[in-house]
Amino acid sequence: MLIIGSHVSYKNDTQLIGSVKEALSYGANAFMFYTGAPQNTMRGVIDDLKTYEALNILKDNNIALEHVICHAPYIVNLANDQDNEKFLFAQDFLRKEIDRCITLGVKYIVLHPGSATKLDRDYAIKNIIRSLNNILLAEDNIVILLETMAGKGTELGINIKELKEIISNIAYQDKIGVCIDTCHLNDSGIEIGEFDAYLDEFDKEIGINKIGCIHVNDSKNPINSHKDRHENIGFGTIGFDKLMSVIYNPRLESVPKILETPYVNKDYAPYKQEIEMIKNKSFNSHLYEDILAYYHK
Ligand code: FE
Ligand code: FE
Ligand code: ZN
């Protein structure tokens with residue numbers, strides 16, 4: 001069965017209830033949320049009554065809790081220890097994010113590994129390893145999914161080698177995995193048309209069982225551009241057919257596929273129509289018109 005959804009909003013007043021309802025409105029059976037604004041670390045208190053209601057809605061709609069994924073804010077940088085206070089704050093924030101996910105019953109947290117900034121890349125990677133080993137506890141029922149990055153600026157985790165270096169040094173192997181992002185792979189230099197060859201190498205070096213989530217995005221930029229700008233499915237440089245070969249790859253059938261494609265005209269979520277197009281397995285060249293018509297009906 002196809003497990004597909006998108007990133008959805010999470011607001012303090014409705015919490016996970018609002019996120020689940022938004023996902024259902026797109027016809028999704030999975031989703032990803034941030035526990036607050038992705039670009040900052042302000043977080044509210046989780047209301048257990050709301051969580052309880054959200055879990056009931058999930059159950060009523062046959063959405064498995066394992067298909068609900070959290071994304072840590074992008075400003076958490078576990079790689080930079082130049083300012084010790086900031087370094088410790090990043091670790092403390094991620095620890096609190098793990099605790100919030102445990103409270104919500106959510107098991108998977110997508111994390112951007114970090115950026116080297118002015119540091120040597122190998123040293124910065126050691127900081128990530130050090131941070132994660134500090135944060136993770138034996139009893140955590142949590143998996144941190146390191147996202148494959150595009151290589152913008154000084155991002156780390158931009159190829160299998162760097163991800164393997166981090167993962168192989170994590171003490172609790174059951175608590176670490178990978179989130180593949182198709183836009184980031186393309187922008188980092190991987191030809192999505194040869195995705196099976198990438199998976200073969202990934203399996204050999206890291207293990208395919210470590211893949212816990214796939215971000216399905218087209219890219220606005222050519223392969224190896226190191227840009228990271230997402231495009232709607234079938235409207236970018238990767239194209240519909242290559243993305244479909246990832247979404248329907250038999251080796252990744254049990255892995256949730258999450259869309260992070262851009263809103264149309266900044267206001268209109270494209271996910272209902274993109275999910276329909278993916279389920280139909282046929283490219284809709286009128287996607288934008290259909291989205292605008294849907295929101296203006
Ligand atoms: Fe991400
Ligand atoms: Fe992503
Ligand atoms: Zn991205």
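A polar contact is a pair of N or O atoms within 3.5 Å; within protein, one must be able to donate a hydrogen and the other to accept it, and residues adjacent in sequence count only if both atoms are side-chain atoms. This model is predicted, so local features need pLDDT of at least 70 and side-chain atom pairs pLDDT 80 or more, while totals for chains, interfaces and linings use all residues. Residues are numbered from 1 along each chain, chains are lettered from A and ligands numbered from 1 in written order, and side-chain values use heavy atoms, without hydrogens or water.

Start by selecting Asp83: it caps the N-terminal end of helix α3, with a side-chain oxygen 3.0 Å from the backbone nitrogen of Glu85. Helices (H or I, at least four residues) and strands (E, at least two) are DSSP runs, numbered from the N terminus. Just after α3, stop at Gly105, whose phi is positive, about 85 degrees.

Next, pick the iron ion (ligand 1), coordinated by His71 (NE2), His112 (NE2) and Glu147 (OE) at 2.1 to 2.3 Å. Donors are N, O and S atoms within 2.8 Å of the metal (3.2 Å for Na, K and Ca); water is not among the atoms, so sites may look incomplete. His71 lies in strand β3 and His112 in the loop between β4 and α4, so the pair ties together parts 41 residues apart in sequence. Both histidines, His71 and His112, are buried (under 20% relative accessible area, with exposed over 50% and partly exposed in between; 1.4 Å probe, protein chains only).

Now follow Glu147, which coordinates both iron ions, 3.3 Å apart. Around the iron ion (ligand 2) you will also find Asp181 (OD), His215 (ND1) and Glu260 (OE).
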